[in-house]
Amino acid sequence: MPANPAATRRHFLKTAGLAAAGASLLPRLSAAAPAASASSAASLAAAASPSAAPTPLVSSGSPNLLFLVTDQQSWDALGVTNPALKTPHLDRLAARGILFDQAICQCPMCIPSRYSFCTGLYPSQIGVLNNAQAIQDSRQMPIPTLFERLRDAGYYTIGAGKTHWTIAPRPERGVPDVVPSTFGFTERYIARMPGGHDREPGAVFFGDADQQPERMAAIRAWNREAGHGGEGVKGYLGRTLPGDGSDLREAWLTDRTIAAIERAHAAKRPWHAYLSFDAPHAPLYAPETFEALYDLDDIPDPGLPPDRYALTDHFTNLAHTEDAVQAWLALSPRERRVTLRRYYALCSYADAQFGRVLDYLERSGQTENTVIVFTSDHGDSMGDRYRFSKYSLYEASLRVPLIVAGLAVPAAARGTRDSRPAELIDLVPTFLAAAGLPVPLELPGENLLAPSTRAGAFSEMHGNGSDELQRAPAYAWRTQDWKLVLYFDGDFPTARRAPAAFKGELYDLAADPREWVNRYDDPAARDIRERLTRELLMHLALANAAWPRRDSVGALA
């Protein structure tokens, strides 16, 4: 802890810096907690009681907030957008809300995307740019998380599943050890083994001795076989697991979430529940009950672009790209369909678990007082442009499903689609506004349920973290009909010495939805290219002018 907490940037933002935005009404956030001792365990237990509320800004009549998240689910991996998928519960949710069918993530990989939508800032504003970066000490976060804001306003906050706040310490690469923190959760459930880098005081782990250590050990063994991050060839070919998945992590997280909501409801506390699954992220180990929903003969071959090496590609300068391309090309058409079927099956499995929560809300009479958001952190290429995984600014990786439903959605808007540009940083303002809480002016996102003046949507990529040196940046600016990508080849130090050596991609999404024809140098598209370039430049200028903040800077006005 710094000797003088009042001199830290975060303290400033929570006092003088946010006063104009109304955030000074919030109680001071607690600092990162030390590892729980025997004496502190009782305090943690008392704090976790639904009846132990801080002085609230919200009341028992305030809306409940449910945040449903998957990992690596593409925008069209929903029944409502793709009839090949069987996701009846999320389709039902879309019928009761708004489907934002042009939504994109702010970085197409797990860690920076989750930091972004849990804080409401862009990855470059936070300083977490790829999957090899994290803020290991929450006191260094530039801004409170959504969960801290809601907890300190009086919400009972439940966190179940993947957040990806921290990474394994790597002193040789400047990654320090983790300082424990709750990150704003009152109750916390983590679907991993204890003792790793997930150090959140009071958390219950799926792999604890009194939970399911045998199953967790088996999952870890499977993951080792599947390759790094589960995303090797074996991970994408996957396997069929016996049963209906009731013994898997997603089912366990769902059980704990329903029980925690039930406790908060009984105590008449407004609650926020974050339920986040690893599915359908590879390895594609699909329960047989859900794989049986899909006939292999009905699964289309994803197909291949006409000429692999004719494609202009900001992705090719990442490490291991060519290996991944060759691995996809080595698969037979049948193996590619097997991969897709298991990916679809995992989407259906996640849908079934979310359906259990939605059914519980119906039975307990809470549906009409709950705002529900569903999304994913990014998509998965699943064969698009000859590759697996994410790590690109193309549609399959960048675009995400996004549904907002429930109390905050006007009756006339339910069951509709919204095709305005939408970003995942919009979720923090949307949740805060739905709760009747002030939305800080410093947040660059918008309330999705309010009018918008946004011209396009922004995303960024700075390599995937697997290279020795950080890659040079790539930026995307996407409108409903066009996408511009500006990027540099090579690493950041090299690009900085030759800033004029950038490259570009421009796609007419209406005529070329798979982005096979780069029109960046097409004279007929020059006016579009120049307009999108100006819009992207102004967006970057405004984002960089706001962050990072310094303690001497006053509130935005």
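This is a predicted model: local features need pLDDT of at least 70, side-chain atom pairs count only at pLDDT 80 or more; totals for chains, interfaces and linings use all residues.
User: With which side chain does the side chain of Asn 131 make a polar contact?

Analyst: Let's begin with the wider surroundings. Leaving aside neighbours within four places in sequence, Asn 131 is in contact with several residues, including Met 109, Cys 110, Ile 167 and Tyr 391. Its side chain reaches the backbone nitrogen of Cys 110 at 3.5 Å. The side-chain partner, at 3.3 Å, is Tyr 391.

User: What are the edge strands of the open sheet?

Analyst: The sheet has 9 strands with mixed pairing, in the order 6-5-4-8-1-10-11-2-12. An edge strand here pairs on one side only. That describes strand 6 (204–205) and strand 12 (416–418).

User: Which residue in strand 5 is the bridge partner of Gly 159?

Analyst: Strand 4, residues 156–161, pairs with strand 5, residues 187–190. The two run in the parallel sense, over 3 bridges. For Gly 159, the bridge partner in strand 5 is Arg 188.

User: And what angle does the direction of helix 9 make with that of strand 8?

Analyst: Helix 9 spans residues 249–266 and packs on the sheet. It touches strand 4, strand 5, strand 6 and strand 8. Its direction and that of strand 8 make an angle of about 180°.

Technical notes. Residues are numbered from 1 along each chain as its sequence is written. Side-chain values use heavy atoms; hydrogens and water are left out. A polar contact is a pair of N or O atoms within 3.5 Å; within protein, one must be able to donate a hydrogen and the other to accept it, and residues adjacent in sequence count only if both atoms are side-chain atoms. Contact means heavy atoms within 4.5 Å. Two strands pair if DSSP finds at least two bridges between them. Helices (H or I, at least four residues) and strands (E, at least two) are DSSP runs, numbered from the N terminus. Axes are lines fitted to C-alpha atoms, for helices over the stretch in contact, and angles run from 0 to 180 degrees between N-to-C directions.
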